[in-house]
Structure formats: structure tokens, C-alpha cells
Amino acid sequence: MTATATLKIWRGFDAKSGHWQTYDVPFENGQSVLDGLRWIRINRDPSLAIRFSCINANACKECMIELDGKTVYACTARLVPREMQLGPLSNKKPVRDLVTEIAPPTERLAER
Amino acid sequence: MVRAPMQAETDVLVIGSGAAGMYAAIEAARAGCQVLLVDRSLIGRGGATVMAQMTVAVALGAETPDSWNDHYRDTLKSGRGLCDEALARLLCEEGPECIRQMDGWGVGWARKNGHIAQAMAPGHDRPRCVYVDFLNTGPAVSKTLRSVVSKTPGIRKIGDLCVVDLIRGGDGITGAVALHLGSGAPVVLAAKATIVATGGLTRLYGRNSASANMGGDGYALALRAGASLIDMEFVQFFPIGHLAPRLIGMDPIMWDPFRYKLGGRLLNNRGEEFTQSYGVAEDGKYVITRDLGSYAILKEVEAGRGSPHGGAYLSFEHCSEAALREAFGPVIDRLAANGIDLTRMPVEVAPIAHYHMGGIVVDAHMQTGVAGLFAAGEAVGGANGANRLSGNAITEALTFGRRAGRSAAAYAGKMSAPPAVGRDASAALDLIAAGAPARDLNTAAMVQTLQATMQENVGPLRNEAKLRHALGVIDRLAGELGDTAPAGGAFDMQRFEWFDLRNMVLVARIVAEAALARTETRGAQQRDDYPRTLPEWAINQVVRLQNGRVVFSGAPARTQAQAVAR
């Protein structure tokens with residue numbers, strides 16, 4: 001029997017209209033939460049939105065989310081074989097699923 | 001949804017905010033231009049620069065006497081006969097100025113006895129590589145340039161903008177059409193001059209050491225805009241990318257600095273050093289070049305002497321804990337958090353896609369063959385020939401970025417008003433608008449399939465059967481992708497990945513076709529069916545689009561005749 005991480009993930013465009021969705025992810029020792037999210041996109045639901053670019057180096061700083069209510073980088077938070085609740089940053093404007101508006105105001109399209 | 005798209009106007013548009021793009025933006029703004037710096041990720045944090053761990057090659061002469069001529073000679077030698085000499089010369093000759101300018105901006109190059117420290121790296125004839133401790137070169141370079149960009153008047157920054165196509169007017173390139181990721185809306189960027197600084201194509205490979213935003217999109221943009229690409233078969237694999245045990249929060253190329261400082265031993269599964277069997281005895285030092293290192297490791301694996309996960313062992317067990325801690329400070333604790341104690345265990349390493357020597361054809365002013373279109377950094381092809389000398393990538397980004405910024409500013413300065421884009425943007429806008437409803441395309445799985453196929457078949461060890469297999473998979477993916485993106489709104493990953501795949505599939509096909517046509521072994525291209533380096537292949541293959549078809553030129557006359565006969 002292989003171990004499983006159960007990821008309970010916030011889906012939706014804003015705090016009011018969203019819902020929690022649960023995915024079981026095969027667990028391997030040493031994986032990151034981002035590994036789990038990428039597994040879900042490839043094997044379960046490619047529509048899941050998450051921001052990342054460097055994948056593993058913790059250099060791009062894009063994959064910030066809330067894990068059980070605490071802010072983490074998905075690429076350095078370890079996947080563990082239990083239920084883990086993943087939501088968007090609650091202090092940032094929600095964009096979609098786990099994606100929030102994290103760019104400084106001077107780097108956004110609408111604002112100058 | 002018939003609504004006029006958002007518009008922005010500028011003198012110089014810079015696409016990509018790694019070191020090349022930021023340096024270009026700074027230089028163009030200092031020349032008096034309004035600059036628009038766009039990136040698909042956060043400004044100054046994506047791309048390859050931020051991932052650089054250590055070396056930046058530059059003939060400062062701070063450690064030992066040195067001149068750009070010596071750096072140039074090593075660069076040409078590493079390039080295995082294929083370097084564009086004007087570009088290689090620019091990199092080596094202007095490198096010292098850019099490195100000193102970065103020093104003045106406070107990047108913090110490591111010091112030794114009061115001077116900038118320069119480390120020995122494989123392929124160099126003397127200690128030439130500057131760095132920022134510990135494993136901090138890329139982040140420090142990015143941070144420094146971000147800060148200068150912010151302080152330089154005239155630069156507007158917009159992140160979350162994924163450029164879909166360049167706009168081609170009657171007299172040249174007049175800007176770009178982008179997709180804003182956050183809203184899913186199209187944006188027209190009108191510009192007098194445009195610089196492509198989007199980096200390379202390492203995302204095409206399953207194991208890679210750069211950001212997921214480097215899928216060769218700049219090559220595809222330039223190609224569709226009428227520019228040519230060169231040397232597309234030459235993908236550099238970094239020999240000792242981390243393989244096992246699983247390590248999080250660290251870049252997989254992190255072992256390079258350890259090897260610079262402490263040597264380290266590459267071992268097969270018998271515990272034997274093996275590089276001497278491939279012509280390079282290391283003897284506790286780090287001397288093997290990237291092409292030969294990748295070849296040696298994969299050949300050991302093929303012969304059944306690989307490590308459990310399919311690579312080689314890298315061991316620092318002969319180093320004391322004190323020596324390791326002196327060389328790497330807090331990094332030792334980060335390794336311990338991952339369960340790795342270098343004094344007691346080796347790690348496993350294997351080749352990992354790291355850099356692309358090929359790219360957009362430019363002259364020494366970074367001008368492409370298309371008016372108004374410039375390129376900079378890794379997006380440019382030719383400076384590094386068939387194999388890049390270690391440490392040349394950041395130097396290339398800085399020197400080429402600076403030159404591109406100046407050239408684009410001079411070009412833009414000759415125009416009075418921003419170009420009228422008008423109907424020239426309509427093809428790209430139509431592509432964005434024409435969303436096919438509810439296509440259930442698993443774009444994430446398609447990316448993974450492409451990456452696995454490229455890794456296995458268009459990696460460091462190639463042959464005709466593998467390359468033809470890859471081309472078959474690429475054809476199938478192109479068919480699945482079709483001509484229309486799935487419809488979608490804010491941060492729709494399947495929609496973005498469709499636009500990414502549109503570029504990735506085009507560029508992957510070009511890499512595989514160029515590799516297939518080159519019936520020899522040279523630098524990063526190792527063909528087991530053509531194991532020799534052939535004098536008639538000491539030439540560059542160039543590719544462009546003709547009536548929507550990919551056309552190669554530059555192959556030796558004899559080979560072209562054979563290709564036609566087949």
C-alpha cells in the first residue's frame with residue numbers, strides 16, 4: 001500500500017465563489033508540495049492554477065501559498081502523507097485557485 | 001467580446017527581464033528612451049540569471065595577469081570551431097567593463113586579499129571566474145539590476161505579460177501583442193524598437209536547470225517575425241546536475257561551486273574515477289569540460305556502471321567538515337536539512353539541460369536581419385559555438401544586453417513618433433480572441449510528454465533512430481494542439497500552456513531536425529551513429545521560415561545533395 005498525501009485545495013476566482021477540492025497524490029519521501037501540485041495538473045486536472053517558474057531552487061519566489069493557514073513556498077514545503085490544506089495568500093488579491101496578485105503595484109498592467 | 005485591446009506605447013520594448021533584458025533596459029533608458037520592460041513572470045526574478053550559482057568568466061586580471069584575448073581564445077576553443085568570432089570577441093572584450101560596472105552597482109563580487117576573487121573553471125587557461133558567495137551569483141546579479149532598473153528614470157515595468165507574437169509592419173517590427181496572464185486579456189505594445197531577451201529553451205527537457213518560463217519562446221517569436229536562427233542543435237547539458245537523493249529548495253546545478261572550490265571526485269558504481277577513460281584525468285581537480293563530462297557520465301550509465309538513479313556519484317568524502325564549512329558556510333546546514341552529510345556520503349549527479357548555444361542571428365550590434373528587432377543574452381545564437389565555456393553565460397547576458405540597449409536606443413532615436421500598429425496586430429489578436437470553447441486538452445501532460453521525449457531522444461547522446469522518433473512525437477503533439485487555443489479567462493493555465501506549446505513544439509522540431517541533419521559529433525552534439533568530428537561540418541546551420549515552412553541552410557554541399565537524394 002503506497003502512502004498518499006491528501007491535498008485539499010481552494011478552487012475559484014475569489015474568496016466568495018470558490019470551493020475546496022480534494023486530490024489524493026501518491027507520496028514519495030523528499031517531495032515538495034509543488035511536486036504534488038504539478039502531479040495533479042498532469043494526472044488529474046490541468047486547469048488547476050498555480051504560479052511557479054524555477055520549480056525547485058526557491059529563486060523565483062512566485063509559488064507562495066498558504067499551507068494550513070501559514071504562508072509557505074510550495075517548492076520548499078515538504079509534502080507529507082496526511083491531509084494538507086492549500087489556499088491562496090489571504091492578504092493578496094485573489095486571481096484564480098492558488099494564484100494571487102503578488103507583483104508590486106509598479107509592475108502591474110493597470111497601475112503605473 | 002469585441003472590445004479594443006489595451007494599448008501601451010514606448011520607444012524601446014524589452015521582452016524578458018533576466019540580466020540581458022534588465023541591462024538593455026537600463027542602457028536604452030540612459031540613452032534617453034522611454035523603455036517598456038515586460039516579463040511573463042515577476043520582473044527580474046524569472047529566467048536563467050537568477051538561477052546562476054557561481055561563475056562569471058571575465059578577463060579582469062585581478063587574480064593573475066589576463067587579457068580579453070586569452071579569454072577569447074579559450075571561448076573559441078570551447079566552441080569547437082563554430083563560434084561567431086565577432087560575438088565571442090564582444091563578450092570577452094567588453095566583459096571587464098560590465099563586471100566593473102556591476103561591482104560599482106554593489107553586486108558584491110567575492111573578494112580575496114582586497115581584490116576581486118577569480119576562480120579556475122574547466123576550459124579556462126587561468127583563474128578567470130568571479131562569483132558571489134555562497135551560491136549567490138545569480139540572485140545577486142538579478143537583485144542588483146532590479147535595483148538599478150527601479151532607480152533609472154524612463155523604465156516602465158509590466159509583469160504577467162506573455163508575448164504571443166511580434167508585430168510586423170511595412171518597415172520592420174513595430175512592437176508585440178501579448179496576453180496578460182492575470183486577466184487573460186490581449187495587450188498591444190507599440191514600440192519603435194524591440195529587444196528579445198527571453199533566454200533559451202531548457203524547458204523543452206525533462207531534466208533542466210532553468211526556469212519553467214524558458215521554453216524557446218523568443219526563438220519562435222523571432223522566427224515568425226522573419227529573423228533567422230543559428231546552431232539550434234547545440235543544447236548544453238550540465239554534466240553534474242543533482243539527481244539523488246531528492247533535494248528541495250536548491251538549484252540542481254549547485255554542485256558546480258563545490259567542485260570549483262574543493263575538486264570532488266566523480267565515481268561510477270564500482271567506486272572508481274572514470275573520466276580518464278574518456279581522455280580527461282581529473283586527479284582531484286575540476287577540469288572536464290561540459291560536453292565531455294556529460295558524455296562520460298552517460299557512457300558509464302550505458303555500460304551498466306551508473307549510480308542507482310542513472311547517473312554518477314559525486315563524492316566529497318575526502319574533505320573535512322571544516323573545509324566544507326569554510327567553502328560553503330550555511331549551505332552545509334541546508335544540505336543537512338535534506339539529510340545530506342557530504343563527509344559521509346556521495347550524492348548522485350547526471351546531465352541536465354542547462355543552456356542553449358544556438359539562437360537568434362544578430363550582428364555585433366545585436367541587430368537581427370529584421371529592421372527594428374534586436375536580441376540579447378542567451379536568446380542570441382553563435383557566440384559560444386558548439387559548446388559554451390563555463391562562466392560565459394552571465395557575461396554574455398551583460399555585454400549583449402548593454403549593446404542591444406544602445407543599438408535599440410539609437411534606432412528608436414531616428415524615429416519621431418511611435419509606429420502606427422493598426423491592422424498589423426490583427427493576426428495575433430485574432431489568435432488570442434479565437435478561443436475554441438471547452439477543448440479538453442491536457443496541456444500539462446503534453447508538456448511532460450514533450451520534455452520526456454526531448455530528454456530521452458534529443459539529449460546529449462543522439463542517433464538517427466532517436467531523432468526520428470522524437471520528430472514523430474512532436475508531429476503528434478502539433479496535431480493535438482491544432483490551430484486554436486482553448487478559450488479562457490484569468491490565469492487559465494491550459495490556455496497559457498497552449499501558447500507555450502505552440503512555441504515549444506516549433507522550436508523542439510527545429511532542434512531535432514538540426515541535430516538529424518548534422519551527421520557528425522561536435523561539442524554538445526554527440527551522435528553515436530556518427531562519432532567523428534568532420535572538417536566539412538565546421539559550419540553553422542541557419543534556419544528561417546519560408547511561407548510558413550522551416551528551411552535550413554548552411555549544411556555542407558555534399559550533405560545537402562544527399563538529403564535531396566533521400
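Predicted model: local features only at pLDDT ≥ 70, side-chain atom pairs only at ≥ 80, totals over all residues.
Modeller: Two residues are in contact when heavy atoms of one lie within 4.5 Å of the other. Leaving out residues up to four places away in sequence, B:Val12 touches B:Ala28, B:Cys33, B:Gln34, B:Val35, B:Leu36, B:Ala193, B:Ile195, B:Ala408, B:Ala409 and B:Ala412.

Biologist: Which residues of the largest nonpolar core touch the most other members?

Modeller: The general idea comes first. In soluble globular proteins, nonpolar side chains tend to be buried together. Here the largest nonpolar core has 169 residues, and those touching the most other members are A:Leu37, B:Val12, B:Trp109, B:Tyr205 and B:Ile360. Helix 14 of chain B, residues 493-517, gives the most to this core, with 15 residues. A second, separate core has 39 residues, including B:Ala117, B:Phe238, B:Ile253 and B:Leu324.

Biologist: How many residues of chain A are in contact with chain B, and what area do the two chains bury between them?

Modeller: An interface may be read by contacts and by area. By contacts, 38 residues of chain A meet 40 residues of chain B. By area, the two chains bury about 3100 Å² between them, with 55% of it on carbon and sulfur atoms. On the side of chain A, the residues that lose the most area to chain B are A:Ile42, A:Glu107 and A:Leu109, together 23% of what that side buries.

Biologist: How many salt bridges and polar contacts cross this interface?

Modeller: Across the interface of chain A and chain B there are 5 salt bridges. One salt bridge joins the side chains of A:Arg41 and B:Glu497, at 2.7 Å from N to O. Between the two chains, 14 residue pairs are in polar contact. On the side of chain A that touches chain B, the elements giving two or more residues are helix 1 (33-43) and strand 6 (94-96) of chain A. Helix 1 gives the most to that side, with 3 residues. The residues of that side divide into 18 nonpolar, 10 polar and 10 charged.

Biologist: How many salt bridges does the whole structure hold, and where in chain B do B:Glu282 and B:Arg259 lie?

Modeller: Over all chains, a search finds 46 salt bridges. In the pair of B:Glu282 and B:Arg259, the closest N and O atoms are 2.4 Å apart. B:Glu282 lies in the loop between strand 13 (265-267) and helix 7 (290-302) of chain B, and B:Arg259 lies in helix 6 (residues 255-262) of chain B, so the pair ties together parts that are 23 residues apart in sequence. To judge burial, the cut-off is needed: a residue is buried when its relative accessible area is under 20%. B:Glu282 is buried at 5%, and B:Arg259 is buried at 1%.

Biologist: Is B:Asp475, which forms a salt bridge with B:Arg509, buried or partly exposed?

Modeller: B:Asp475 is partly exposed, with a relative accessible area of 43%. The closest N and O atoms of B:Arg509 and B:Asp475 are 2.6 Å apart. This pair links distant parts of the chain: B:Arg509 is in helix 14 of chain B and B:Asp475 in helix 13 (residues 464-481) of chain B, 34 residues apart. A further salt bridge, of 2.8 Å from N to O, joins the side chains of B:Arg527 and B:Asp529.

Biologist: Which residues are linked in a network of salt bridges?

Modeller: The network links B:Asp66, B:Asp70, B:Arg73, B:Asp74, B:Asp125, B:Arg126 and B:Arg128. B:Asp66 is also in contact with B:Gly61, as is B:Gln118, once neighbours of B:Gly61 within four places in sequence are set aside. B:Gly61 belongs to the loop between strand 3 (56-57) and helix 2 (68-78) of chain B, and B:Gly61 is partly exposed at 29% relative accessibility.

Biologist: Which side chains does B:Asn392 join by polar contact?

Modeller: The side chain of B:Asn392 has a polar contact of 2.8 Å with that of B:His71 and one of 3.1 Å with that of B:Thr75. B:Asn392 is in helix 10 (residues 392-413) of chain B and is buried, with a relative accessible area of 0%. Apart from neighbours within four places in sequence, B:Asn392 is in contact with B:Ala57, B:His71, B:Thr75, B:Leu91 and B:Asn384.

Terms used. Residues numbered from 1 in each chain as written. Chains lettered and ligands numbered in written order. Heavy atoms only, no water. Buried area = accessible area lost by both parts, 1.4 Å probe. Salt bridge = Lys/Arg side-chain N within 4 Å of Asp/Glu carboxyl O. Polar contact = N/O pair within 3.5 Å; in protein donor to acceptor, adjacent residues only side chain to side chain. Helix = DSSP H or I, 4+ residues; strand = E, 2+ residues; numbered from the N terminus. Nonpolar A, V, L, I, M, F, W, Y, C, P; charged D, E, K, R; others polar. Core = buried A, V, L, I, M, F, W, Y, C linked by side-chain atoms within 4.5 Å. Buried < 20%, exposed > 50% of the residue type's maximum accessible area, 1.4 Å probe, protein only.
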